[in-house]
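Please open the structure in your viewer and keep the selection tool at hand. The stops below say what to select and what is there.

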Amino acid sequence: MTSKTPRSTTLNRRSLIAGGAAIAAAPFSFHTARAQEPTIKIGFPVPLTGPYGAEAQDQVRAAEVAIAEFNAGGGLGGRKAELLVRDDKLNPGEAATRALELIENDKANFIVGSLSAAVQLAINNVTKQRGVIFNSISQSDAINEVADFSKYTFHEALTPHLTAGAVGRYAFSKFGKKVAFLTADYAYGHEMVRGFQEAGKGMGVEVLGDIRHPIGATDFSTLLPRLQSMKPDILVINNFGRDQQIALKQATDFGLKKTTKIVVPIMLFTGRQSAGLAAFDGVVGGTSYYWGIEDQLPSAKSFNDQFRKLHGGRVPSDYGAMGYAGVRTVLQAVKNAGTVETDKVITALESLKYDYYKGPQYFRKCDHQSVQSVMIIECKTKDMRNDADVFQVVANEAPNEANLRSCEALGHKA
Amino acid sequence: MAGLTLDLIGLQLFAGVALGAVYVLLAIGLSLIFGMLTVVNFAHGAFYMLGAYVGLWLMAHGGNFWLCLVLVPLVVGGIGLAVERVLIRPLYGRGIDYPLLLTFGLSYIIVELVRITFGKAGFPFDTPEVLQGAVDIGVGFFPLYRLFVIAATAVILFGLWLFLERTSFGLIIRAGARDPLIVRVLGVNVSKVWLIVFGMGTAIAAFAGLLAAPLQGVIPEMGGTILAEAFVVTVVGGMGSLLGAVLAGILVGVVVSMTSLFAPEMAKVAIFALMALVLLIRPQGFFGRAGLMS
């Protein structure tokens, strides 16, 4: 399972059965197994099925790079790491069950993963109770708040407050002040809207309307005429994965781009690759990472090259890269601590200063949020060097704690 | 509500009719099959999805969209024929739940086979070039492709009407729907008629799936939700009634669209609220015959 992405649920099931068999056989092989130290197991629940599947698969690929790198570097004094990929199906219940199985049955040492502002809270709930470190690699504002946070909780991804803030500050000053929202009706969408509104305060931004759609929607044709009739300067589309591709495609079909600038908090590399230029053309969005910065940044170059080597020349996506950083931070902390003991690894993570792929990052002490840069990107329409050369970075907001919600605002004692 | 203009309502109506067109195509297939065979075809959504995937495969192997419009119904209709002949035929005369359970299981198998063959991730599906962009329809800009979907549905419905009303085979189908026993007594090979009706139903479902593909892309699960909605349409229109399926399909599309205008979060619920309302007032649906299910 270390280097293979489970392609279907059958594979998962099979590995579960194999795992079950191994546990059943354990009493008999106990003495022989003792001789060799067990691998460091990183549980990796992500939504391989569902509207965020393409992004989740890339997270797995990038996580495999971190594992391969750790093992090639000798592991923890010869002790290797192993990635246990599980499909959480974008469902909080499923994710909690998978996380629990990973901890109880598979004896995972750490959990990294999740790709949903809502689902990660379910995983966090489990890891918190079991005292297992969880490094989340998808956006959420709530996970850092005192109600959900625990010392075991780390957040490698951006937060909606940070992302929407950066994109809002850029877009409102450039494209206009009248804003309408089309928003996926769950935590991610809600938090993004709040982030944009907070960024718009003091900039004279006027919100004309916010239309919500259910997650996994396939048709926006009944929502678009209303948004069009509001005549906004900017339409912010706050959704993700396949929802984003379909919404952008249908908005283009309806001719919305003729009158309105479309802005997305996260412009997905996977989405742009799969839906093509027409849907994404002219759209401005934020991102945690774009592989093209490798020309300026050695750490990006080194990560991209490792990814290319392991995955047949393809380049990592934004969310994929977070899978890499999410696993690598934990493994580096293990190395620094010289052990997999939870408390020591937490201390090592807290003191980590790292530049693994996108420039300097560190975990803020009070809420374990990774302080990092946000890039603003647009589609390239010409001079593309290859199929993956799709975006250009038009602005880069440097890592700055002031752009995050303060520790006090999150409910932490400073 | 501010900004509510006649133009907006007009656009919203068009969006609803375009949405309804796909419901209509799925529902007439369901209705045809139920009216003739008394088979509640739970695999209908899977055939819809197959249509999109066969189209995707043909496009990747050098076909174009127009060719797909012809080939996809033929290919999937052929699969439908095989399913009726091999799987469903042995179950006739055994009660309505036997074929229901069979097609229910079959839908899972088809979806899983597609996942194994094409992967779970899904694919985008390009709108044919000549149908891209929006045109001014008097009340505002509307996507050209959605107008094409409405037109293509109208053509299929007209063709189906001609076939049922103007051919002798259509006469047999209509007679068979009224009373299969008498038709059999008259010496008509009813099993052949049923075979063809099932094939036609699946072919139309596949056609609908292909039409929907450029709107929303292609995923293995695409038949799931829309099947539930198509069942609502057949129930509202009256099980087994083609005219009912057409009217109810458009009505459901328009109801979804209009609800989206005023209360977007209620749009999905509105479909089922409509069904509940119709069933309270007219339990057999608009044009359904009472007692068909018993």
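Domain bounds here come from an automatic or database domain assignment. This is a predicted model, in which local features need pLDDT of at least 70 and side-chain atom pairs count only at pLDDT 80 or more, while totals for chains, interfaces and linings use all residues. Residues are numbered from 1 along each chain as its sequence is written, and chains are lettered from A and ligands numbered from 1 in the order in which they are written.

Begin by selecting chain A in two parts, domain 1 (9-158 + 296-371) and domain 2 (161-287 + 374-403), whose centres, taken over C-alpha atoms, are separated by 29 Å. Where they meet, 21 residues of domain 1 of chain A are in contact with 21 residues of domain 2 of chain A, contact being C-beta atoms, placed from the backbone, that lie within 7 Å.

Next, move to chain B and select helix H8 (residues 190-216), whose 27 residues reach 39 Å from the first C-alpha to the last, close to the 39 Å expected at 1.5 Å a residue; helices are DSSP runs (H or I) of at least four residues, numbered from the N terminus, and the expected span is 1.5 Å times one less than the number of residues. Because 22 of the 27 residues of H8(B) are buried, this helix is largely enclosed by the rest of the structure (buried means 20 or more other C-beta atoms within 10 Å of a residue's own, exposed 12 or fewer, partly exposed in between, with C-beta atoms placed from the backbone). Just after H8(B), select Gly217(B), which takes a positive phi of about 80 degrees.

Finally, select Leu157(B) in helix H5 (residues 144-166) of chain B, which is partly exposed, with 18 other C-beta atoms within 10 Å.

Terms used: Helix = DSSP H or I, 4+ residues; strand = E, 2+ residues; numbered from the N terminus. Contact = placed C-beta atoms within 7 Å.
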